[in-house]
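Biologist: I'd like a walk through this model. Keep it brisk, please.

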Amino acid sequence: LVLFVLDRKIPPDMVASLDNVRGLTLAMSSSAFIGSSFVIKKVGLKKAGDNGVRAGSSGGFSYLYEPLWWLGMITMILGEIANFAAYAFAPAVLVTPLGALSIIFSAVLAHFVLKENLHMFGVVGCILCVVGSIGIVLHAPKERKIDSMKEIWHLATQPGFIVYSCVAVACVLFLIFWVVERSGHRLMLVYIAICSLMGSLTVISVKAVAIALKLSFSGSNQFIYVQTWFFIVVVTICCLVQLNYLNKALDSFNTAVVSPVYYVMFTILTIVANMIMYKDWASQTATQIATQLCGFVTIVAGTFLLHKTRDMGNPPPPDQVCLEEARECAPRSMNSSS
């Protein structure tokens with residue numbers, strides 16, 4: 001602002017760093033909104049369950065009449081919008097790993113609002129996620145300056161990214177039409193691989209659409225190009241496939257295992273795809289790249305620790321208590337009848 005008032009020309013590298021700051025702010029805001037939305041929705045679900053039918057029961061849709069649940073949904077939508085906008089300003093290698101911060105926000109809020117104990121392992125997990133995020137932020141590459149959708153299309157039609165896209169789509173089709181029918185219900189990685197491969201293409205397309213919106217708001221309409229609408233169609237298809245198989249994974253396997261494994265595989269493939277297409281790391285030194293990788297590994301460790309120990313010290317839910325009591329009573333009833 002001071003530079004603008006003094007009518008001084010801002011150097012190109014400073015503009016790039018300002019874009020990174022904007023992207024970082026939006027990414028952290030997204031994590032705060034999304035992490036808070038889980039807690040707000042859970043409070044709404046509890047209130048709805050006290051006054052009507054629980055969401056986990058048959059016909060349990062009373063939460064739709066609960067204002068807190070809708071507030072949680074609005075908060076989540078705001079978080080997703082902020083995450084979408086972050087890709088227009090900062091590289092995916094900065095934005096995507098910061099999604100783990102939403103776990104910290106939800107864990108801390110759950111500790112104070114829902115009275116769910118945040119034990120020592122949870123605190124260590126939060127610290128690891130913060131330390132890893134700081135390492136990535138401090139050594140993140142600068143956003144590539146793009147002036148039109150034609151430039152994005154040129155990057156997307158380079159041989160390296162075409163090969164990656166073809167391999168990703170071929171793997172997804174093979175997994176869907178061959179592996180899922182035979183062993184998908186027994187192998188968690190099948191569903192997660194489909195979600196992660198499609199997710200990497202989703203992020204590439206989301207970034208393209210976000211940049212198109214950013215340029216359009218700046219006065220250069222990018223929606224006159226067919227390429228922009230092509231990326232919108234890709235986003236829609238990839239999101240539908242991704243959500244479908246993520247729901248299958250969550251329904252068939254333990255959420256405490258699915259969430260961190262999906263985060264790791266999705267983030268790795270997304271960074272690889274962006275590195276191939278946008279060449280985010282082309283201007284970085286080996287030390288900077290190694291520091292970012294260490295930061296990512298630290299976040300992964302913190303995420304696994306938070307997920308694997310999140311229920312430690314908390315009382316089991318009522319449904320689980322009833323199930324355990326039924327299992328204990330069954331042998332007794334068999335013995336008494338005999």
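**Burial, voids and salt bridges**

Biologist: Where does A86 sit?

Modeller: A86 is in helix α3, residues 67–89. Helices are DSSP runs of H or I with at least four residues, strands are runs of E with at least two, and both are numbered from the N terminus.

Biologist: Before we go on, what are the ground rules?

Modeller: This is a predicted model, so local features need pLDDT of at least 70 and side-chain atom pairs count only at pLDDT 80 or more, while totals for chains, interfaces and linings use all residues. Residues are numbered from 1 along each chain as its sequence is written, and side-chain values use heavy atoms, with hydrogens and water left out.

Biologist: Back to A86. Buried or exposed?

Modeller: Buried, with a relative accessible area of 0%. Buried means under 20% relative accessible area, exposed means over 50%, and partly exposed is in between (1.4 Å probe, protein chains only).

Biologist: Which residues is A86 in contact with, leaving aside neighbours within four places in sequence?

Modeller: G23, L26, A27 and V95. Contact means heavy atoms within 4.5 Å.

Biologist: Switching to voids. How many cavities of 30 Å³ or more does the structure hold?

Modeller: It holds 1. The largest cavity has about 40 Å³ of space. On a 1 Å grid over the protein atoms alone, a cavity is a set of points where a 1.4 Å probe fits but cannot get out; a pocket is an open set with protein on both sides within 12 Å along at least five of seven lines; lining residues have an atom within 4 Å of a point. Grid points are joined across faces, edges and corners, and a volume is the space filled by probe spheres set on the points.

Biologist: Which residues line the largest cavity?

Modeller: V93, P97, I136, I271, W281, Q292, L293 and F296. Helix α12, residues 286–308, gives the most to that lining, with 3 residues. By class there are 7 nonpolar, 1 polar and no charged residues. Ala, Val, Leu, Ile, Met, Phe, Trp, Tyr, Cys and Pro count as nonpolar; Asp, Glu, Lys and Arg as charged; the others, Gly among them, as polar.

Biologist: And how much space lies in the second largest pocket?

Modeller: About 380 Å³. It has 18 lining residues, and F161, S165, L201, F230 and V234 lie nearest its centre. Elements giving two or more residues to this lining are α7 (149–156), α8 (159–183), α9 (188–217) and α10 (226–252). The largest share, 7 residues, comes from α10. By class, the lining has 15 nonpolar, 3 polar and no charged residues.

Biologist: What about S205, buried or exposed?

Modeller: S205 is buried, at 3% relative accessible area. S205 lies in helix α9. Beyond four places in sequence, S205 is in contact with F231, V234 and V235.

Biologist: Next topic, the nonpolar core. Which residues have the most contacts inside the largest one?

Modeller: I152, I194, M277 and Y278, in a core of 69 residues. The largest share of this core, 18 residues, comes from α9. A nonpolar core is a set of buried Ala, Val, Leu, Ile, Met, Phe, Trp, Tyr and Cys residues joined through side-chain atoms within 4.5 Å.

Biologist: What is I194 in contact with, setting aside neighbours within four places in sequence?

Modeller: V172, L175, I176, V180, V241 and Y245.

Biologist: Now charges. How many salt bridges are there in the whole structure?

Modeller: A search finds 4. A salt bridge is a side-chain nitrogen of Lys or Arg within 4 Å of a carboxyl oxygen of Asp or Glu.

Biologist: What does D19 pair with?

Modeller: K214, with the closest N and O atoms 3.7 Å apart. This pair links distant parts of the chain: D19 is in helix α2 (residues 12–51) and K214 in helix α9, 195 residues apart. D19 counts as buried at 13% relative accessibility, while K214 is partly exposed at 28%.

Biologist: And K47, which residue does it meet in a salt bridge?

Modeller: E66, at 4.0 Å from N to O. K47 is in helix α2 and E66 in the loop between α2 and α3, 19 residues apart. K47 is partly exposed at 39%; E66 counts as buried at 10%.

Biologist: How far apart are the closest N and O atoms of K145 and D147?

Modeller: 2.8 Å, and they form a salt bridge. K145 is exposed at 63%, and D147 is partly exposed at 46%.

Biologist: Which residues do shared partners join into one network?

Modeller: D19, R22 and K214, through salt bridges.
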